[in-house]
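Open the structure in your viewer and switch to a cartoon view. Have the selection tool ready.

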Amino acid sequence: MTLKDFLSKNDRFASNSGCVLNEIREGYACAELLVTSEHLNAGGVCQGGVYFTLADIALAAVMNSHEGTTFGIENNIMFLHSANVGDKLTAEATEVYNHHKIPYVEVRISNQFGELCCVVTGLAYRKSIKMPVDGLM
């Protein structure tokens, strides 16, 4: 099973929310989500937790693109532009620093027009336990 298959199958919340992992390379991942009416908050725009969930699956892919099992320990999120029903959100996660124990990643979420909607930064803790996967994709 690849890392993409493992995360897609076992991260049920992200999967049930509509998040799809498209690409995983060492130090990079891309995930997408189509905003539906189920993703809206009371103000009629995409709920913040949707952005976070999309970013989180991309973060997980990047942070686990190396050998050790890695878990998030801190994230920061900045909302910059609202998404609406029908918008296609793309989260691109890039490893900024691949520390052997505490890697640092940045995720930029944009809509189909290339407008930056959200930025998430994250730190994680990498354990010495290997992920139960054979390859990334």
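Two strands pair if DSSP finds at least two bridges between them. Helices (H or I, at least four residues) and strands (E, at least two) are DSSP runs, numbered from the N terminus. This is a predicted model: local features need pLDDT of at least 70, side-chain atom pairs count only at pLDDT 80 or more, and totals for chains, interfaces and linings use all residues. Residues are numbered from 1 along each chain as its sequence is written, and side-chain values use heavy atoms, without hydrogens or water.

**Stop 1: the hairpin.** Select S5 (residues 104-110) and S6. They run antiparallel, joined by seven bridges. Together they form a hairpin, with five residues between them. Click glycine 114 in the turn: its phi is positive, about 80 degrees. Now find arginine 108, which stands opposite valine 119 in S6. Isoleucine 109 has cysteine 118 as its bridge partner in S6.

**Stop 2**

Stop 3: Select the six strands of the open sheet, in the order S1-S2-S4-S5-S6-S3. Their pairing is antiparallel. S1 and S3 stand at the edges with a single partner strand each, so one side of each has no neighbour in the sheet. From one strand to the next, the twist averages 20 degrees.

**Stop 4: a loop.** Which loop holds serine 17? Look between helix H2 (12-16) and strand S1 (20-25). Serine 17 is buried (under 20% relative accessible area, with a 1.4 Å probe and protein chains only; over 50% is exposed, in between is partly exposed). Its value is 19%. Leaving aside neighbours within four places in sequence, serine 17 is in contact with Leu33, His39 and Thr53. Contact means heavy atoms within 4.5 Å.

Key: Axes are lines fitted to C-alpha atoms, for helices over the stretch in contact, and angles run from 0 to 180 degrees between N-to-C directions.
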